[in-house]
Amino acid sequence: MAPSTYLQVTLQERPPADITPTTFKQEIVPFSLKAGTGQILVKILYLSLDPALRGAMKDQRSYMPPVKLGAVMRGTAFGEVMETGQGSKFEVGDIVEGAFGWREYGVFDDKFATKLDLRPGMDILDYMGPLGTTGLTAYFGLLDVGKLKAGETLVVSGAAGATGSVVCQIGKKLGAKVFAIAGSDDKCQWLEKDLGVDKALNYKSPEFYNDFKKAVGYFDVYFDNVGGDILNFALTRLNKGARIVFCGAISDYNTTKPTGLTSYMNLISQRAKIEGFLVLDYVNRFAEARREISQWLKEGSIKRRFHVVQGLQNAPQSLNLLFNGGNTGKLVVQVATTPTKL
Ligand SMILES: NC(=O)c1ccc[n+]([C@@H]2O[C@H](COP(=O)([O-])OP(=O)(O)OC[C@H]3O[C@@H](n4cnc5c(N)ncnc54)[C@H](OP(=O)(O)O)[C@@H]3O)[C@@H](O)[C@H]2O)c1
């Protein structure tokens with residue numbers, strides 16, 4: 001049964017620093033959605049909250065155009081097909097993925113949706129975690145960009161988050177010595193006790209830099225999710241030929257003027273490199289990676305954790321959890337209850 005109204009969340013302002021209560025607007029709109037030719041009507045089930053959304057709110061050159069003011073906020077989501085238009089390739093009840101945005105319902109052209117290839121034993125949420133963008137980022141970043149080898153020393157920042165927690169575990173699988181960096185003692189305990197890293201360091205501790213020097217010494221690969229001061233320090237701890245996988249710089253996403261790096265000249269003396277990458281460039285290899293990661297999930301050698309927020313109305317304030325460290329594992333919003341078909 002279709003409702004008479006539904007909720008959508010639009011972008012109202014481009015905040016110069018932290019996201020505030022006036023950044024987004026909640027709009028209740030009449031339900032007058034109908035799937036046209038080659039279209040589907042989708043009920044959104046889960047919405048992914050990602051740090052990249054903060055970049056999409058800025059009016060700046062990037063790999064995607066910014067979200068327009070007044071437009072529905074961007075976001076990857078999973079939904080259930082409620083109605084198909086003439087000639088649509090989908091069937092009612094299919095679970096589909098797409099950049100459906102922050103809305104409870106929507107009509108989309110077939111070409112903007114992909115049917116989720118739900119493998120036996122996998123949960124729908126796994127496709128937002130280890131089998132989704134963050135898991136694939138961990139996989140290709142570490143293997144393809146970092147080229148991590150057995151016996152090497154790997155350091156991972158943002159280690160208790162969606163991407164970092166998978167990087168740590170793949171690092172152990174590859175036979176590396178893994179050092180994790182996270183923002184609380186609880187997260188460090190989870191990383192050491194449950195995920196099996198060799199040592200986790202709390203970057204909020206006043207002893208962090210000394211602890212790093214003592215525990216890690218120098219490293220071969222740094223998988224960096226946070227940028228800023230920790231990256232600047234890491235540049236002083238390079239082994240010869242070290243690789244820095246520059247995945248993200250969340251510490252600077254809420255600022256308009258990052259402070260910059262002063263230690264970069266170590267890259268020359270240590271013949272090291274720092275390389276940015278985008279997981280989107282690996283789209284042709286997603287199936288290959290998903291086969292391997294789902295095998296790891298099935299045998300229990302990769303663990304996952306989700307932080308699930310209930311209700312689209314809570315998405316705006318929940319986005320801040322990524323910036324204040326309130327999430328452990330993958331942050332998602334459950335927009336509607338999971339259909340019985342699953
Ligand atoms: N290149 C790509 O294709 C690609 C794809 C996906 C994601 N990414 C990047 O990967 C990174 C992680 O994304 P995710 O989705 O997996 O998020 P996440 O790690 O699940 O969540 C973000 C975490 O960052 C940490 N953090 C926030 N502010 C920080 C600061 N100032 N200093 C240090 N740590 C801070 C917080 O944990 P603590 O409690 O530890 O502070 C928070 O939980 C982001 O930078 C994102 O942009 C890149």
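Reader: Is helix 2 largely enclosed by the rest of the structure or exposed, and why?

Author: A word on the source comes before the reply. This is a predicted model, in which local features need pLDDT of at least 70 and side-chain atom pairs count only at pLDDT 80 or more, while totals for chains, interfaces and linings use all residues. Residues are numbered from 1 along each chain as its sequence is written, and side-chain values use heavy atoms, with hydrogens and water left out.

Author: Helices (H or I, at least four residues) and strands (E, at least two) are DSSP runs, numbered from the N terminus. A residue is buried under 20% relative accessible area, exposed over 50% and partly exposed in between (1.4 Å probe, protein chains only). Helix 2 is largely enclosed by the rest of the structure, because 10 of its 13 residues are buried. Among them are L136, Y139, F140 and V145. Helix 2 is followed by K147, whose phi is positive, near 50 degrees.

Reader: Into which domains is the protein divided?

Author: Domain bounds come from an automatic or database domain assignment. Here they give domain 1 (5-129 + 304-334) and domain 2 (133-280). The contact (heavy atoms within 4.5 Å) takes 19 residues from domain 1 and 16 residues from domain 2. The C-alpha centres of the two domains lie 29 Å apart.

Reader: Which polar side-chain atom lies 2.5 Å from an oxygen atom of the ligand?

Author: A polar contact is a pair of N or O atoms within 3.5 Å. The side-chain atom in question belongs to Y203. A polar backbone atom of A162 is 2.8 Å from an oxygen atom of the ligand.

Reader: Is K204 buried or exposed?

Author: K204 counts as exposed, because its relative accessibility is 52%. K204 is found in the loop between strand 10 (199-202) and helix 5 (208-215). Leaving aside neighbours within four places in sequence, K204 is in contact with G183 and N324.

Conventions: A polar contact is a pair of N or O atoms within 3.5 Å; within protein, one must be able to donate a hydrogen and the other to accept it, and residues adjacent in sequence count only if both atoms are side-chain atoms.
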